[in-house]
Amino acid sequence: MVEAAVRNKIEIDNLSVRFGRRQALDSVSLEVRENEILAIIGPANAGKTTLLNCLNRMTDFIPDAKVSGTIRIDGQDIHALRDGAALRRRIGMVFPLPVGLPMSIYDNVAFAPRMAGLRDQRRLDAEVESCLTQAALWDEVKDRLGDLGTKLSGGQQQRLTIARALSLAPEILCLDEFSIAVDPVTTMKIEEVIKSLKTRMTVILVTNLVLQAKRLADRTALLLDGRLIEVDKNEVIFSRSTGDVKTFQYVQGVFG
Ligand SMILES: Nc1ncnc2c1ncn2[C@@H]1O[C@H](COP(=O)(O)OP(=O)(O)OP(=O)(O)O)[C@@H](O)[C@H]1O
Ligand SMILES: [Mg+2]
């Protein structure tokens, strides 16, 4: 069987980031393929969140951040784009703790489409239902869409955050330790959601849970002290006894 050609969605080349004297990323080069789930693992301070923040140029807002190297999305250098906001609309971000807007469940999801100019009520309704369904939350909230989002349980709020991240149909979805405050049952629900999303988008999953990377990702990258130690298919990263000794030790739980 001939393997389908893989297309790179993101090409990161020699990316370095400094915050003052602190080097958070050091010459990281990495490709992320279209419709894959790429896990990024590594201990605290490895630079995982910083890497995500570079992808949508959130680093533009950190005064002492110095970024060098290139990031291309669909072949286009993101630092050459004038409009960082347009870039951010293409990339959904989900953070460790749910970020509920102080408004109804419905409005949480409708917020971004409204900001983007969608006014038609029927289309908004359809969008809200679709995003909540994709985030595996619709059945639990469909009868209380007018309730405050902040009244939901932690796990429901995290799924609401995912629904909101999906509301502009992002091409790339980044999740940063999404399950840190979520119970195991909800975590499994969200993992199913993530698996189903990759047919439509590229997913980058930052996780401290090695087994979560093993369960979900197609490929896994290990970051350590700002350096990319290794990136490879999960079959390789999680099953071999040769290769980079640090990766082996990390996935075996020897350190980290
Ligand atoms: N805004 C900032 N200003 C100064 N230093 C920062 C900033 N953001 C990150 N850093 C530093 O960059 C390094 C990498 O941080 P980062 O948050 O990317 O790590 P991480 O791998 O996401 O860690 P964790 O697993 O704890 O979330 C750390 O030493 C951190 O202190
Ligand atoms: Mg982090």
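A search of the whole structure, which is a predicted model, finds 18 salt bridges. One of them joins the side chains of Lys9 and Asp74, with a nitrogen-to-oxygen distance of 3.0 Å. This pair links distant parts of the chain, since Lys9 belongs to strand S1 (residues 8-19), whereas Asp74 sits in the loop between strand S4 (65-73) and strand S5 (76-77), 65 residues apart. The two partners can also be described by their accessibility. Lys9 has a relative accessibility of 6% and therefore counts as buried, the limit for that class being under 20%. Asp74, with a relative accessible area of 33%, is partly exposed.

Asp74 takes part in a further salt bridge, in which its side chain meets that of Arg90 at 3.2 Å, N to O. Arg90 lies in the loop between helix H2 (84-89) and strand S6 (91-94), and Asp74 in the loop between S4 and S5, so this contact ties together parts of the chain that are 16 residues apart in sequence. The relative accessibility of Arg90 is 25%, and this residue therefore counts as partly exposed.

Another salt bridge connects two helices. The side chains of Glu140 and Lys189 meet at 3.4 Å, again taken from N to O. Because Glu140 is located in helix H5 (residues 138-141) and Lys189 in helix H7 (residues 184-197), the pair ties together parts that are 49 residues apart in sequence. Glu140 counts as partly exposed at 31% relative accessibility, and Lys189 is likewise partly exposed, with a relative accessible area of 35%. Elsewhere, salt bridges that share partners join Arg7, Lys9, Glu34, Asp74, Arg90 and Glu171 into one network.

Ligand 1 is surrounded by 13 residues, of which Arg22, Asn45, Lys48, Thr49 and Thr50 are the closest. By residue class, this shell divides into six nonpolar, four polar and three charged residues. Strand S2 (22-33) and helix H1 (48-55) each supply at least two residues of the shell. The largest share, three residues, comes from H1.

Several oxygen contacts of the ligand can be described individually. A polar backbone atom of Gly47 is 3.0 Å from an oxygen atom of ligand 1. For Thr49, the contact involves the side chain, where an N or O atom is 2.8 Å from a ligand oxygen. The side chain of Glu177 also places a polar atom 3.4 Å from an oxygen atom of the ligand. Taken alone, ligand 1 exposes 630 Å², and the protein buries 67% of that area.

The strand that contributes to the ligand shell, S2, is also part of a sheet. Strands of a sheet pair through backbone hydrogen bonds, either parallel or antiparallel. In this model, four strands form an open sheet in the order S2-S1-S4-S5, and the pairing is antiparallel. S2 and S5 are the edge strands, each of which pairs on one side only. Within the sheet, S1 and S4 pair in the antiparallel sense over eight bridges, and Phe19 stands opposite Ala65 in S4.

Key
Residues numbered from 1 in each chain as written. Chains lettered and ligands numbered in written order. Predicted model: local features only at pLDDT ≥ 70, side-chain atom pairs only at ≥ 80, totals over all residues. Heavy atoms only, no water. Salt bridge = Lys/Arg side-chain N within 4 Å of Asp/Glu carboxyl O. Buried < 20%, exposed > 50% of the residue type's maximum accessible area, 1.4 Å probe, protein only. Near = heavy atom within 4 Å. Polar contact = N/O pair within 3.5 Å; in protein donor to acceptor, adjacent residues only side chain to side chain. Areas by Shrake-Rupley, 256 points an atom, 1.4 Å probe, with all protein chains shown as cover. Nonpolar A, V, L, I, M, F, W, Y, C, P; charged D, E, K, R; others polar. Pairing = 2+ DSSP bridges.
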